[in-house]
Amino acid sequence: MKTLLLTNKTSDLQTAADLIRSGQTVVFPTETVYGIGADAKDPEAVKKIFEAKGRPSDNPLIVHVSDRSQITDVAAEVTDDAQKLIDAFMPGPITVILKKRPDIPSEVTAGLDTVGIRMPSNKTASEFLRLCGRPVAAPSANLSGKPSPTRFEHCVEDMDGRAAAIIDGGPCDVGIESTVIDMSGEPIIYRPGRVSRGQIEQVLGKKVSLAASLKDGEKPKSPGLKYKHYSPKAKVVIIKGTLDEAANCVNSQTRPTGVILFDEILKEIKPKLKDGVICLSLGGINKPDEAAAALFAALRKTDELGAEIVFAPEIPDTDKWAGVRNRLYRAAGNEVREASEFAESERSDVETPIKNILFVCSGNTCRSPMAEGLFNYYAKERGMSVSAESAGLFVFPGSKVSENSVKALAELDIDISGHEPTQLDLELIGGADLILAMSGSHKSAICAAAPEADGKTFTLKEYAGAVGEISDPFGGGIEIYKSCMLDIKNCVKKIIARLDDHEN
Ligand code: TXA
Ligand code: MG
C-alpha cells in the first residue's frame, strides 16, 4: 500500500478525513501518542487497523470524538459520575469506558458491551476529527508489542505501507497513552496516565481503585492488561543499587548496552562508564512529565542504536509517577534487579531440546500450513523426533486452507488438504519449544500477546539465517504460491539440518 505522508495543514487534514470517510486508515497525532484511526462504525475499516498493527483482535479499540455532542453517538448512557470526568478532563488525556450503543460494531469493542471514549486536546487531532465528522476508532499507531509512537518518524517506521496516510503533528506533548478509567460500573482505572488517580478522586469525591496486574490464568477485564507492551527489541532491566554498582553492572555487559537515566544520575555516572555505552535521558529526576514525554522515544532510540540490553532506574511508587512506572516496568517484565547481582549473573543460555515447533502467520490458511506440511515431511524423512503445528493470529471462523497452498504442496506429494485453520492462543504458545513467524510483525504480535514467547519466537527467515520475510501470497495465482512455497522450503530445510545435527 502506498502511504500518503501529510502535514497538519487544513487541506492535508481534509485529505486525511476523506480517507477515513472512504473506509481507509489514517495515522494521526494526539497529545498522548499517535493513533491509527478508522471509521468507528465501519467494521471493514476497523479490521484494517488490526491488520496494520498485527494486533490480536481480542483487544478493544478506543473511540475518538471531536466534541461532547458526539459522545452520545458512541455511549448508550452517560452516568452522572462519568459526566463529571468528561466536564473536568475532556478534551484531554483520558479515556472513559461506558456502556456502548448497539451500532458500535463488536470489531471495535472485541465483543465487550462497553466502549472507551476519548476526546483529544491536541489541535491537529481535534481539527482532523471534526473534519471526519464521525467517531474514529484508534489504538496507538505502533506495531503490536512495540512502544507507542510519540514522533512522526516512529509512525513512518511502523506504518509506512500499512496505513493510507500518516499526518505529521510533531512530537507528542504527554508521551504516554491516556488514563483509561471504566465508568460502566464502580470506577476502576485500567491504565494510569497523565490524569492521575488523585485528580480523578478529587473530581468524583470518592476513592477509585487501580486494576492490579493479572495473575496467571486470570481473565482480564481490560484485555490490554494481559499484553506485554512497550518493549523495544533490547532486553530492558530495571536496576537498583549505588552509582558504583550500577556502573559496574553496565560495564560488565558483553552485549551492546544502553542506559536510560535521569539527567542528574547521567551526569554522575557517565564518567564511570566504558566507551560505547548508549546514554539517553529521562529528563529531570523530579519531573514525571518530562520522563513521560521522553520514555517511548528513548526506548525506540536504544533499538535504533543497536543496544541489546538497556538499564533503567527504579521509578517512585507514587500517584504522579504511576503512568511512567507502569510503562517502564511493563517493558522490563515487572522485574527490578540488584545491580550488583545482575553484573555477575550473565548466564550462558542453556539450550533445551526442541520437540514442538509452532509456525504462525495471519490467517493459518497459506504460509504457516505450508511450513507445517513441509517441516513434518522432511523431519519424518530424516526420522527426527520433532514435529510441527501451525496457527494464525486472526483466524476467521469457517476459513479453509487455501486451494493454491494445497496445490503447491501436492507437487511434492505432500497433502495438506485436511488442514483446519487454528486460532493462535496462549496454550499453543506455551506448548511450543520454538515459534517461527512468517514476518516481523507476526513475531511482535506473538511476543506482545504472551511474554513467555519472548526468547523462543523468531521469524522463519531469521532462524534459518536468511534475511527478509516470507511475503504473503494471499490472493495471488498458483505461481505466487509456488514461489512462496519454495521460499519456505529453503528455510525449513536449513532449520531441519541444524536441528538434526543437534539431535545426533
Ligand atoms: O492515548 C491513548 O489512549 C491512545 C491515543 C491514540 O488516543 N490510544 C491508545 O489506544 O493507547 P490503545 O488501543 O493502544 O489502548 C487502549 C487500551 C487497551 O489497553 C484496551 O485493552 C483498553 O484501552 N480498552 C479499550 N476499550 C476497552 C473496554 N471497552 N473495556 C476495557 N478496556 C478497554
Ligand atoms: Mg497501544
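View 1. Ile181 touches Leu85, Ile94, Thr95, Val96, Ile97, Pro187, Ile188, Ile189, Ile200 and Val208. Residues up to four places away in sequence are not counted. Contact means heavy atoms within 4.5 Å. This is a predicted model: local features need pLDDT of at least 70, side-chain atom pairs count only at pLDDT 80 or more, and totals for chains, interfaces and linings use all residues. Residues are numbered from 1 along each chain as its sequence is written, and side-chain values use heavy atoms, without hydrogens and water.

**View 2. The largest nonpolar core, with 45 residues.** Val27, Val96, Ile181 and Ile200 touch the most other members. Such a core joins buried Ala, Val, Leu, Ile, Met, Phe, Trp, Tyr and Cys residues through side-chain atoms within 4.5 Å; buried means under 20% relative accessible area (1.4 Å probe, protein chains only). Elements giving two or more residues include β3 (35-39), α2 (43-53) and α7 (197-204). Helices (H or I, at least four residues) and strands (E, at least two) are DSSP runs. The largest share, five residues, comes from α2.

**View 3. A second, separate core of 35 residues.** Its members include Phe375, Leu434, Cys491 and Leu499.

View 4. Ten residues from domain 1 and seven from domain 3 make the contact. About 640 Å² is buried, 69% of it from carbon and sulfur atoms. Buried area is the accessible area (1.4 Å probe) lost by two parts on being put together, summed over both.

How values were computed: Chains lettered and ligands numbered in written order. Buried < 20%, exposed > 50% of the residue type's maximum accessible area, 1.4 Å probe, protein only.
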